[in-house]
Amino acid sequence: EALNPAQYDAVTTLEGPLLVIAGAGSGKTRTLTYRVARLVEEGIPPSAILLLTFTRRAAQEMLRRAAVLLDQRCERVAGGTFHSFANVTLRRYATRLGFESGINIVDRADAEDVINLLRARMGLNRKERRFPRKRTIVTMYSRAVNKALSVEQVVREDYPHFQKETTDLLRLYENYQTYKRKNVLMDYDDLLVYLRDLLEKDPDVQETLSQTYRYVMVDEYQDTNKIQADIIRLLAATHNNVMVVGDDSQSIYSFRGANFRNIMDFPAMFPGTKTITLEENYRSTQPILNVANQIIEGAREKYTKVLFTRKKEGPLPALVVAEDERTQSQFLSQRILELREEGVPLNEIAVLFRSSYYSFDLEIDLNHRNIPFVKVGGFKFMETAHIKDLLAHMKILANPLDTVSWHRVLLLVESIGPKAADEICQSITNSGKGLSGLASVKAKPRYAQSFERLRKRLQSLDENHLNTFEIGTGLMRYYQPILEKKYDNHPKRAKDLEHLLTIMDRYQGLENFLSDMALEPPNASVDDILASDYEDEQLVLSTIHSAKGLEWHTVFIISALEGRFPVTYAARSDEEMEEELRLMYVAATRAKENLYFTYPINIYDRGTGIIFSRPSRFIEGFSQEILEHWSLVDDEEDYEDAWQ
């Protein structure tokens, strides 16, 4: 009675390979929980069942629920993450791997420190050289392992600005592997690699583990990488009792190594696979599911499923076109306040976006209106270091006595440390001449050239009576080399700064712009709207990647604009474009009651020189019968009637 027919079929199919395609909101956790209980109820020893998930908490919660359903035997099922299972197994067989004294696991921070040590030994940390930092290097190597690519491929595809360093990155990688072996160390990626190699190369271990875990279950199978898929196949060497649960349409983590082919090729890897599709949705209304179904219909390769629900009624999702980003932000803020007045808590409303910087303009408007928000999957606009760097230069132009901004700006100048920065600040302040006081600074030889570059740029911008956008453009040219030297991911940060320039273009005066930028995100509740009981409510702003698995009463998907969603670089391959489509599907299926797609028109992209004006290809051309089309009208007298 607690399961629908498809769920019941999955729970009661105990033998042989089983692929459960669990559509968004279709109760996959319930299905896994009941199947654990069913296996134990049928007399399978808990120690013979292995449940692999992507978080320890997910496994613990499923086993706890199964124990409530049946009895405490369910809590003795072997459950955990791939990495925790690998850790336990490798410690048991350490000597077979040549680790006579056991193994030591290094976490991410330790791995970075090892890389830093080796980097220094190899002379790759010289200041005059633009070599990647330790965190970036560890990410590169991890991505190569998880995506089954060479280091060269990862550098070429994901870090092209470091291609000239490929030879030394390869030398460092070899030294890193040697260091770990010599010191009996394994990092997180090694856990999976060594476990796969152990299962492949040691038939006795393979047979022992396969006979021990005669029933294997895997959650979120669409998020597994190639190594994890190999481990599952090897664990089933003496049987085929493998149940994997996942949704090909929610495979969106290829950048972490997730392999879409794993779930698509499962029936080929396990001949005789039974496939069950969970299509009944317990989250969204049917109008929302109609749009989601049409989005995923555009996927070239998929397991066909049509989501349905018993919640037949609900408002139609809307596609909202705005004349610019500012109008889009004003609509969002106004609609959010209306929903709050209608009784929808702020924390039941989410604004989702493809890239973190798409929300910058909205954050400014939310601050203006004192709407509290939390941002997930990216820093708040005003908290990013590169944004703060550029604004500090602008603050100096507006107020040459701003010593806090002076310190930040001077510490960006090569060879100027805290002591020298303090001396220069005092010299400028004591001169009483504002920016002209720069001329009185006696720069020391070690930083004279870099300081002169700063002085010339600031004085030039100060003397020419420029508008905000022109000042920003001039400072961007000055700051670009600093950005490239300071941050390994400078191409991504440059995008943020380009977006900041777009915002600057609305302001004539520098003071007004800086006043808006200085507004701190409020900690208090929305004035006169939130009752005291709701003081801790916060609107959710989130990247779509960070929103997977979550749900909200109302969801706004912003900048659903061709060129932004999908992003332009997705055109490089069919695989990347398909993942962008799945990302839109994931976003749409987060909504329970209300769903809005919004996009501004006439958006100039400085990187490509293209003007974006069309809605995303993933929702363009949808019938008004399933997706209402709204146009915003700029009505300053009564903004409440500003859309139709």
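Before we start, residues are numbered from 1 along each chain as its sequence is written. Because the model is predicted, local features need pLDDT of at least 70 and side-chain atom pairs count only at pLDDT 80 or more, while totals for chains, interfaces and linings use all residues; side-chain values rest on heavy atoms, with hydrogens and water left out.

**The overall layout**

The protein splits into domain 1 (5-90 + 194-280), domain 2 (104-183), domain 3 (287-379 + 533-631) and domain 4 (382-522). Those bounds come from an automatic or database domain assignment. Taken over C-alpha atoms, the centres of domain 3 and domain 4 are 35 Å apart.

**Helices that pack**

Two packed helices are described by the angle between their axes and the distance between the axes. Helices here (H or I, at least four residues) and strands (E, at least two) are DSSP runs, numbered from the N terminus. Axes are lines fitted to C-alpha atoms, for helices over the stretch in contact, and angles run from 0 to 180 degrees between N-to-C directions.

| Helix pair | Angle | Axis distance |
|---|---|---|
| α5 (108-121) and α8 (166-182) | about 120° | 10 Å |
| α17 (385-398) and α22 (490-504) | about 45° | 9 Å |
| α6 and α8 | about 80° | 11 Å |

On angles, under 35 degrees counts as roughly parallel, over 145 as roughly antiparallel, 65 to 115 as roughly perpendicular and the rest as oblique. That makes α6 roughly perpendicular to α8.

What about handedness? A crossing is left-handed if the near helix is turned anticlockwise from the far one by less than a right angle, and right-handed if clockwise. The crossing of α5 and α8 is right-handed, and α17 also passes α22 in a right-handed crossing.

Now for who touches whom, where contact means heavy atoms within 4.5 Å. In α17, H386, I387, L390, L391 and M394 meet R493, D496, L497, L500 and M504 of α22. Sorted by class, that contact has 7 nonpolar, 1 polar and 2 charged residues. (Ala, Val, Leu, Ile, Met, Phe, Trp, Tyr, Cys and Pro count as nonpolar, Asp, Glu, Lys and Arg as charged, and the others, Gly among them, as polar.) Over at α6, residues I137, M140, Y141 and V145 meet L169, L172, Y173 and Y176 in α8. This contact of α6 with α8 has 8 nonpolar residues, no polar and no charged.

**An aromatic pair**

Rings of Phe, Tyr and Trp (its six-membered ring) pair if their centres lie within 6.5 Å; planes under 30 degrees apart count as stacked, over 60 as edge-to-face and the rest as tilted. The count comes to 15 aromatic pairs. In one of them, F331 and W630 have ring centres 6.3 Å apart and planes at 85°, so the pair is edge-to-face. F331 lies in helix α15 (residues 325-341) and W630 in strand β17 (residues 628-631), so the pair ties together parts 299 residues apart in sequence.

F565 and P566 are joined by a cis peptide bond, with omega about 15°. P566 sits in the loop between β13 (552-557) and α25 (574-588). A148, though not a glycine, has a positive phi of about 55°; A148 is in the loop between α6 (134-146) and α7 (151-158).
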